[in-house]
Each structure stands twice: as structure tokens, then as C-alpha cells.
Amino acid sequence: MQDLLTERLSNYAPRQLALDYPEAGILVPITDNERDPEMIFTLRSSNLKTHRGQVAYPGGKRDPDDASLIATALRETHEEIGLPPDQVKVIAPLSQVMSLHRILVTPYVGVVPGDHPLEPNPHEIESVFRVPISWLLEDQRERTDTLSFLNSTLYVPCYRWQQYQIWGLSAVVLVDFLNAVYDAGIDILEPPR
């Protein structure tokens, strides 16, 4: 898995947004299972101020003490789901995205051990779940949401995995990953046919 991700993402030029906003780093964790790798998501606590009860990648806002946005993503991942930084092999960034709260988010793809126990921090995370990448590549969307982004309109899929809905910013990052690594051809700039 690590070799595939390294090869595919070494040729990928992620979109960088030249905006002066607060920054966040998130991890797009991919398990090291060669046969059926999975992507790890979290369900945010319903007690949080923002994005409560939503599916998200582990990560958060940059602290002044963070040496980089990768450090932010790894620190927050450890705090949220108990995955230590030394268990993550960071591969490459994906395209930056802007949250509804005007936070510039940089996602980093990382390979993690498929068998490492994950412990959700109950103050931030209700649950942690995994979705097979093979299922995500089928593009079995429940619906397509129309979102405004920097004077553009995006047509973003919403996927339902068991009781979880993957939509919004998380789905934008997910589609960027699938297109960059697997040539999935999921177009979010045009409405689906």
C-alpha cells in the first residue's frame, strides 16, 4: 500500500490556496492492508461547538507550538484516536480545502498499521470507523450536495457507510484522494449525469 501511495502521490500536484486564514492539518489514514486497505474516519462528538456529530478525518487547528501542519495532523490524531505519530508513515499532502468556518485545511495521506488499536477520545470523538477503499471506489453515493467554494460551485458526493454519512469537506478530501491515487474520475466541478 505504501509503495502505491508513494508512487501515485509523487506525481500529484496538490492545489495550494494562497489565503491568509487560520490553518488546520488533518490526517487521511490508510491502513497497510495490501489486499483490502481501508480509510479511517471519525464521528465527532455531538458536544463539540463546531461540526458536531459529523464524520471527519482526525486533525484540527494548528497550535503555535506545532512545528508544521504535519505535526498538527499527527498531534491531533494522537489526541483524538490514540494513534501515536511513530505509527504513521506520512506520504504526501492532498489539495487544501476551506472549511465553512474559514479555516484553511491541509490533508496529509498517511499509512497506518491496520491492526493498531484506536481509542476515541470521548471529549472529541464518538466513534472511529473504517471503510474499505474498494467500496469507496464504487462511488455508490447516497446523494450529491451542491456546495459553494471560492466563487465556484462543487457537486460533492455524500456516501453512506453503515450508519455514517461521509459528506461536505470530508467528501471533498476523499474524492481528491480517490482521483489522485486511483484515477477514479469523480468530477465535483460538474453536476452528475
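Reader: Which residues is H116 in contact with, leaving aside its neighbours within four places in sequence?

Author: In this predicted model, H116 is in contact with G82, L83, P84, Q87 and R130. H116 itself lies in the loop between β7 (104-112) and β8.

Reader: And why is H116 called buried?

Author: Its relative accessible area is 18%. Buried means under 20%, so H116 is buried.

Reader: What makes S10 exposed?

Author: The cut-off for exposed is over 50%, and S10 has a relative accessible area of 55%, so S10 counts as exposed. S10 has its place in helix α1 (residues 2-10).

Reader: Let's turn to the rings. Why is the pair of F129 and Y164 called stacked?

Author: Two values settle that. The ring centres are 3.7 Å apart, and rings pair if their centres lie within 6.5 Å. The planes stand at 0 degrees, and planes under 30 degrees apart count as stacked, so F129 and Y164 are a stacked pair.

Reader: Which parts of the chain does the pair link?

Author: F129 is in strand β8 (residues 125-132) and Y164 in strand β11 (residues 164-166), distant parts of the chain that are 35 residues apart. Both F129 and Y164 are buried.

Reader: What makes W135 and Y159 an edge-to-face pair?

Author: Here the centre-to-centre value is 6.4 Å, and the limit for pairing is 6.5 Å. The angle between the planes is 70 degrees; over 60 counts as edge-to-face. W135 lies in helix α3 (residues 133-136) and Y159 in strand β10 (residues 152-161), so this pair ties together parts that are 24 residues apart in sequence. W135 is buried, as is Y159.

Reader: How many aromatic pairs are there by this rule, and which residues do ring pairs link into a cluster?

Author: The count comes to 6 aromatic pairs. The cluster linked by ring pairs holds F41, Y57, F129 and Y164.

Reader: Now the sheet of β9, β10 and β11. Why are β9 and β11 said to stand at the edges?

Author: The 3 strands form an open sheet in the order β9-β10-β11, with antiparallel pairing. β9 (141-149) and β11 each have a single partner strand, so one side of each is left without a neighbour in the sheet. Neighbouring strands are turned by 25 degrees against each other on average, direction ignored.

Reader: How do you know that β10 and β11 pair?

Author: Pairing needs at least two bridges, and 3 bridges join β10 to β11, which run antiparallel. R160 stands opposite Q165 in β11.

Reader: What lies across these strands?

Author: Helix α4 lies across β9, β10 and β11, running at about 95 degrees to β10.

Reader: Which residues touch the most other members of the largest nonpolar core?

Author: Of its 46 residues, those are L5, I30, M39 and F177. Helix α4 (residues 168-182) gives the most to this core, with 9 residues. Not counting residues up to four places away in sequence, F177 touches L5, I30, M39, L94, V109, I133 and Y182. Another core, of 8 residues, lies apart from it, with L27, L83, V88 and L118 among them.

Methods: Residues are numbered from 1 along each chain as its sequence is written. This is a predicted model: local features need pLDDT of at least 70, side-chain atom pairs count only at pLDDT 80 or more; totals for chains, interfaces and linings use all residues. Side-chain values use heavy atoms; hydrogens and water are left out. A nonpolar core is a set of buried Ala, Val, Leu, Ile, Met, Phe, Trp, Tyr and Cys residues joined through side-chain atoms within 4.5 Å. Buried means under 20% relative accessible area, exposed over 50%, partly exposed in between (1.4 Å probe, protein chains only). Helices (H or I, at least four residues) and strands (E, at least two) are DSSP runs, numbered from the N terminus. Contact means heavy atoms within 4.5 Å. Axes are lines fitted to C-alpha atoms, for helices over the stretch in contact, and angles run from 0 to 180 degrees between N-to-C directions.
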